[in-house]
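Work through the exercises below with the sequence and the model side by side. Each task is followed by a solution in steps.

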Amino acid sequence: MKKLVLYLALALLCSLSMPAQANVTYTYGFYGVTNNDPTGTSITVGETYLSVDVSEFASGEVLFEFNNEVGSPAPYDRYFIRGVYFYDGVLLGIASLVDADQSYEGLTNDSDVDFSEDASNANGFTSSVKLVTAYELMGDADNDPGAANGVQPGEWLGVVFTHDGTFDDVIAGLNSGQIIVGIHVGGFGEDDYSEKFVTIPAPGAILLGSIGVGLVGWLRRRRIL
């Protein structure tokens with residue numbers, strides 16, 4: 001019995017240290033860091049329906065796909081991502097934006113999402129979260145606040161980065177918080193509240209890490225390790 005428990009413990013710990021797998025998509029949720037809507041509904045909706053998928057796109061490149069899912073109730077069903085920010089870690093530079101104006105290596109976007117790079121306001125994100133980075137992407141808006149060209153429900157934006165390292169390094173950075181992605185979202189509710197969100201580490205990684213630490217402690221107390 002002791003050997004069986006030991007083998008299970010070792011298998012779990014090995015799984016925690018396994019590198020990210022190529023051709024696998026890792027999905028990260030967002031956590032609200034502002035509180036402009038006094039009801040809190042804007043933050044709840046954003047945390048429920050906004051996400052970013054991260055996948056290895058090509059050698060030395062990683063794709064961040066920002067998704068705005070359909071399903072939030074009225075009047076919280078017309079919000080849009082208007083800005084995207086990166087605290088870059090091992091990321092080097094933007095290889096391409098995949099929006100209405102561009103396609104890249106066979107990846108195309110047929111929505112009206114239209115973003116461009118603008119680092120004019122890149123040294124701050126909120127009073128409590130600073131994303132010191134050279135990468136700020138804003139919806140091209142011309143004469144409106146960006147709703148038409150932002151990522152509305154049912155739409156997506158792709159950002160391809162080159163990276164200094166490996167895809168494993170990118171995922172490890174996201175899981176540890178060394179790489180942070182922030183988004184600025186507007187149009188919440190009838191009062192058009194604007195909120196900001198940042199990525200949170202993968203819940204699975206946090207849960208497995210906690211289980212692993214607890215299991216090691218239990219095994220030591222039982223004198224199995």
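**Exercise 1. Aromatic rings**

Task: Find which residues the ring pairs link into a cluster, then examine two further pairs.

Solution. Ring pairs join Phe 64, Phe 66, Phe 86 and Phe 161 into a cluster. Rings of Phe, Tyr and Trp (its six-membered ring) pair if their centres lie within 6.5 Å; planes under 30 degrees apart are stacked, over 60 edge-to-face, and the rest tilted. This is a predicted model, in which local features need pLDDT of at least 70 and side-chain atom pairs count only at pLDDT 80 or more, while totals for chains, interfaces and linings use all residues. Residues are numbered from 1 along each chain as its sequence is written, and side-chain values use heavy atoms, with hydrogens and water left out.

Step 1. The structure holds 8 aromatic pairs. In one of them, Tyr 26 and Phe 167 have ring centres 6.1 Å apart and planes at 55 degrees, so this pair is tilted.

Step 2. Tyr 26 belongs to strand β1 (residues 26-32) and Phe 167 to helix α3 (residues 167-176), so the pair ties together parts 141 residues apart in sequence. Helices (H or I, at least four residues) and strands (E, at least two) are DSSP runs, numbered from the N terminus.

Step 3. Phe 167 has 3% relative accessibility and counts as buried. Buried means under 20% relative accessible area, exposed over 50%, and partly exposed in between (1.4 Å probe, protein chains only).

Step 4. Phe 188 and Phe 197 also form a tilted pair, 6.4 Å centre to centre with 55 degrees between the planes. Both Phe 188 and Phe 197 are buried.

**Exercise 2. A salt bridge**

Task: Which side chains meet in a salt bridge?

Solution. Step 1. The rule asks for a side-chain nitrogen of Lys or Arg within 4 Å of a carboxyl oxygen of Asp or Glu. The count is 1 salt bridge.

Step 2. The partners are Arg 78 and Asp 192, at 2.9 Å, N to O. Arg 78 sits in the loop between β3 (61-68) and β4 (80-87), and Asp 192 in the loop between β9 (180-188) and β10 (193-199), so the pair ties together parts 114 residues apart in sequence.

Step 3. Arg 78 is partly exposed at 40% relative accessible area, and Asp 192 is partly exposed at 44%.

**Exercise 3. Surroundings of Ser 96**

Task: Is Ser 96 buried or exposed, and what is it in contact with?

Solution. Step 1. Ser 96 lies in strand β5 (residues 91-98). Its relative accessibility is 6%, so Ser 96 counts as buried.

Step 2. Beyond its neighbours within four places in sequence, Ser 96 is in contact (heavy atoms within 4.5 Å) with Gln 102, Tyr 104, Gly 158, Val 159 and Val 160. Ser 96 and Gly 158 are 62 residues apart in sequence, but 8.2 Å apart in space, C-alpha to C-alpha.

**Exercise 4. Confidence**

Task: Where does the pLDDT stay under 50?

Solution. Step 1. pLDDT is the predictor's confidence in each residue, from 0 to 100. The chain averages 75, and 67% of the residues score at least 70.

Step 2. Residues 1-18 have pLDDT below 50, and this stretch has 17 contacts in the model beyond near neighbours in sequence. Over residues 204-225 the pLDDT also stays under 50, and the model has 24 contacts there beyond four places in sequence.

Step 3. Where pLDDT is low, predicted coordinates should not be read in detail.
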